[in-house]
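Keep the structure open as you read.

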Amino acid sequence: WMHFLENSQYQAQQEGLGNVTPEQMMAFMSEIQAMFDYGRHMLAKRRENPQNDLLSAIANVEIDGKPLSPEFLDGSWLLIVFAGNDTTRNSLSGTMRLLTEFADQKAKLMANEELFPNFVHESIRMVSPVTYMRRTATTETELGGQPIAEGDKVVMYYAAANRDPAKFPNPNQYDITRENAKEHLSFGHGPHVCLGQRVANMQLDSAYRNILRRFPDIKWTGEQTLAPSNFVHAISSLMVDLGT
Ligand code: HEM
């Protein structure tokens, strides 16, 4: 579903929105419907039989004494499918690429397990799985010399901020000992900052501890497929040689 949604914007642009056929539209709608149906099914199951997990928390939360409306449950499901799934997958694959391209950093990491936490921050800075988000200015302001009027739409390019040389010297260098790596903006900023950032960091840490222990010579072969998206850095496939 995620892959489908990621590609649909691009396909619509290629075809020209007016040229999308009714069949393509139907196919799109039926995929979306299936995705939401599955979410409703899972959330209903968690309402009936709560587990110790995130979906149960969402399914059973009460705000002002009322459970979430179907609209909010659908929205939360879409968030989890997209926010927690695509991003972690892309940070895992993107990190494989970095460890291959910067073999000295891989050797450094393997020689010192204490570097793992900072390796995670630096990898997520470099990969920047989400390229941007947009906000609407609630008041007139100025940013970097650019006047912004109330109501203006402002696009925040996290990927660009993460390569800002004023903040990260020599920004294209993957440096797992970079002192301020943790200050990257890959998880956004402010009230909507990523809810899952600790899970995301933990996943990358745990995955690479295990991958490198089992396959110390693992390498990216150079082959990859990138989804044509300007919103997320989506790596649809990435080939590795396990080195075994
Ligand atoms: C490397 C992995 C991840 C990256 C780079 C990432 C990035 C982001 C970004 C950029 C935002 C928007 C922040 C903003 O608008 O200011 C966001 C929001 C969010 N993320 Fe993540 N995310 C990751 C993993 C996860 C995981 C694992 C989960 C869930 C388990 C998750 C759940 C969410 C949710 C629910 C929001 C919406 C928060 C809100 O609007 O209040 N994310 N994430």
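In this predicted model, 17 residues line the second largest pocket. Nearest its centre lie Arg135, Leu143, Ile148, Val154 and Met156. The volume is about 430 Å³. Strand 3, strand 4 (141-143) and strand 6 (153-157) each give at least two residues to this lining. Strand 6 has the largest share, with four residues. By class, the lining holds nine nonpolar residues, seven polar and one charged.

Now turn to the largest pocket. Its space comes to about 1300 Å³. The lining counts 37 residues, and Leu79, Ala83, Gly84, Cys194 and Leu195 are the closest to the centre. Helix 2 (22-48), helix 3 (54-60), helix 4, strand 3 and helix 8 (197-214) supply at least two residues each. Helix 4 contributes the most, eleven residues. The lining splits into 25 nonpolar, ten polar and two charged residues.

What takes up the space of the largest pocket? The ligand does. Two elements give two or more residues to its shell: helix 4 (70-101) and strand 3 (132-136). The shell has 20 residues, with Thr87, Arg135, Tyr158, His192 and Cys194 the closest. Helix 4 provides the largest share here, six residues. Ten residues of the shell are nonpolar, nine are polar and one is charged.

Finally, look at the ligand's oxygen atoms. One is 2.8 Å from a side-chain N or O atom of His192. For the side chain of Tyr158, the distance from an N or O atom to a ligand oxygen is 3.2 Å. His189 takes part through its backbone: an N or O atom there lies 3.5 Å from a ligand oxygen.

Definitions and conventions
Residues numbered from 1 in each chain as written. Predicted model: local features only at pLDDT ≥ 70, side-chain atom pairs only at ≥ 80, totals over all residues. Heavy atoms only, no water. Near = heavy atom within 4 Å. Polar contact = N/O pair within 3.5 Å; in protein donor to acceptor, adjacent residues only side chain to side chain. 1 Å grid on protein atoms, 1.4 Å probe; cavity = no way out; pocket = protein on both sides within 12 Å on 5 of 7 lines; lining within 4 Å. Sits in = over half its atoms within 2 Å of the grid points. Nonpolar A, V, L, I, M, F, W, Y, C, P; charged D, E, K, R; others polar. Points joined across faces, edges and corners; volume = space filled by probe spheres on them.
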